[in-house]
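Please look at the following model together with its sequence. The questions below go through it part by part.

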Amino acid sequence: MASLTTIDFEGLAYNTADAVVDDQFRALGADFNRTAEVLRLPETLSPLYPPRSGSQVIQGGAAAIQIDAVGLTWSRVGGYVTGNENVTMTAYNSDGAVLGRSTTGGANYVGVGTPNHQLEVAAPGIAWVQIMPSGAFVLDDFYFETEPFEISYLSTNTFIATDEIILHAKVEGARAGTQVLWSVQGMDAAANVGGFPTNVVTTADADGVARFGFTPATNQSLVNDRRTNWTRGSRRANPPMSFEVTAKLTIDGSDFAETSLSDANLGALTQDETDRLRQEYFDYNIPVPRRSEVVASLGPGFNRGNYGVQLSVGLDTRYRAILAAYRGRPVTVNINGQSYRTAIPASAPVTISSGYRNPQRNRAIGSRYPDSKHTRGRALDLVPSLVQVVVLVNGSPMRVTLPLHQVLYPALYAAASSQGTAIAEQGARPVPVGDPRENHIHVQW
Ligand SMILES: [Ca+2]
Ligand SMILES: [Ca+2]
Ligand SMILES: [Zn+2]
């Protein structure tokens, strides 16, 4: 948040060797350089150059007064000047480019003008100002408005526990003693987990950038929480883990500014749907798919998971290939002890009872195998529906229903075997193909 700071130069020594303004206001965010002598009424300051506040002002020494922004740049800077000639304040950015100038327009001490002429420059990114000439002028009530202290992401704002999350904060006038302290707080699904980084000290680099990275999974409390509380099975999508990150800027050990991610114009640091799904694989301690392997839901049959996204290694193309191999397949039907050749009709339905299942859903339906091919998008459970065919019996057409276990399941098993490893199952238990207990064909690849 922007805040206005005014320095009135009261209370400074005025007649000793210390009567020079230099680093006294660094912790407030302004570093005076090239020396500025403190003058005080009536001892050292002429009444022709009256203070704007109190009894003290500063005066340029051998060179122009230069004042550097410390910690944060300024959006507005100014002060009140009385001189015996024109005085100019020039504002620069950190690259030394001129951002603006403000001048008094000529001598303004008592008797020739109006003392305490306000100089001000407002511009984004002011890193320092210079007030010239260095001769007979005094300055009082120097003020500046700091720009917001901001955090930015280097990486994206979604993640899983093993990703390093990297944040930046820009510090101005960086030098020894200018540090940024970072703290992380778990939110949403991570709200009850402690042990995240607290007041981790970073020092700005030569560009003034303080860099902080943390990897959630290095917090063993989080790993324990995920592996304990998020592997019990669920028929609903997991809520996201989110983090609030706070950065505290200190100057010479004093707190100067503080900001949080929630103050920034960034999306919250929170898991999107793809990463909530990927997080489950970490939680179950099985290989985590890449983001590029997560695709939009293929629909209710193919996606028996809890999310609008899923894994699919050819679930739809394999299903279509199995269907094509099943339909039209020659089969034999037994009528009154006599065998007749016929085929699976071209419209014979095959239902997908289960395709992709995310690990939590897989656990919720009772699977003991988190790394089942269903959680990898590499398995389908298929169920044939009853169909009728017309068979010529003694020259007369006869409508017969193809027997489920005797004809349809073996045909579907054979068709599925063309696309992967097929198993006839009763629930999760393998049974022989054609066994009356089978209730689906599981096929995986
Ligand atoms: Ca200084
Ligand atoms: Ca003053
Ligand atoms: Zn299966």
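Helices (H or I, at least four residues) and strands (E, at least two) are DSSP runs, numbered from the N terminus. This is a predicted model, in which local features need pLDDT of at least 70, side-chain atom pairs count only at pLDDT 80 or more, and totals for chains, interfaces and linings use all residues. Residues are numbered from 1 along each chain as its sequence is written, while chains are lettered from A and ligands numbered from 1 in the order in which they are written.

Q: What distance does α3 reach from its first C-alpha to its last?
A: The expected span of a helix is 1.5 Å times one less than its number of residues. Helix α3 has twelve residues, and 16 Å is expected at 1.5 Å a residue. The distance it reaches is close to that value, at 16 Å.

Q: Which residues of α3 are buried, and which on the other side are exposed?
A: A residue is buried if 20 or more other C-beta atoms lie within 10 Å of its own, exposed if 12 or fewer, and partly exposed in between, with C-beta atoms placed from the backbone. The buried residues of α3 are Leu315, Arg318, Tyr319, Ile322 and Tyr326. They are on the same side of α3 because they cover an arc of only 100 degrees around the axis (taken from the directions from the helix axis to the C-beta atoms). On the other side, the exposed residues are Thr317 and Arg320.

Q: Which elements do the buried residues of α3 pack against?
A: Packing here rests on contacts, meaning that the C-beta atoms of two residues, placed from the backbone, lie within 7 Å. The buried residues of α3 pack against one helix segment at 404-417 and segments at 350-354, 379-384 and 440-444.

Q: Is Arg318 buried or exposed?
A: Arg318 is placed in helix α3. Leaving out residues up to four places away in sequence, Arg318 touches Leu380, Gln419, Gly420 and Trp445. Arg318 has 22 C-beta neighbours inside 10 Å, so it counts as buried.

Q: How far apart in space are Arg318 and Trp445, C-alpha to C-alpha?
A: In sequence, Arg318 and Trp445 are 127 residues apart. Trp445 is also among the residues that Arg318 touches. From C-alpha to C-alpha, the distance in space is 9.4 Å.

Q: How far apart are the end C-alpha atoms of α5?
A: Among the buried residues of α5 are Val407, Leu408 and Tyr409. What covers the buried residues of α5 includes α3, β23 (330-335) and β29 (421-426). The 14 residues of α5 should span 20 Å at 1.5 Å a residue, and the distance between the end C-alpha atoms agrees with this, at 18 Å.

Q: What is the distance between the centres of domain 1 and domain 2?
A: The bounds come from an automatic or database domain assignment. The protein is divided into domain 1 (4-146), domain 2 (151-283) and domain 3 (291-444). Taken over C-alpha atoms, the centres of domain 1 and domain 2 are separated by 41 Å.

Q: What is omega for the cis peptide bond that joins Leu41 and Pro42?
A: Pro42 is placed in the loop between β4 (36-40) and β5 (56-60). The peptide bond that joins Leu41 to Pro42 is cis, with omega about -10 degrees.

Q: Is Asn116 buried or exposed?
A: Asn116 is found in the loop between β9 (98-103) and β10 (117-126). Its phi is near 60 degrees, a positive value in a residue other than glycine. With 20 other C-beta atoms within 10 Å, Asn116 is buried.
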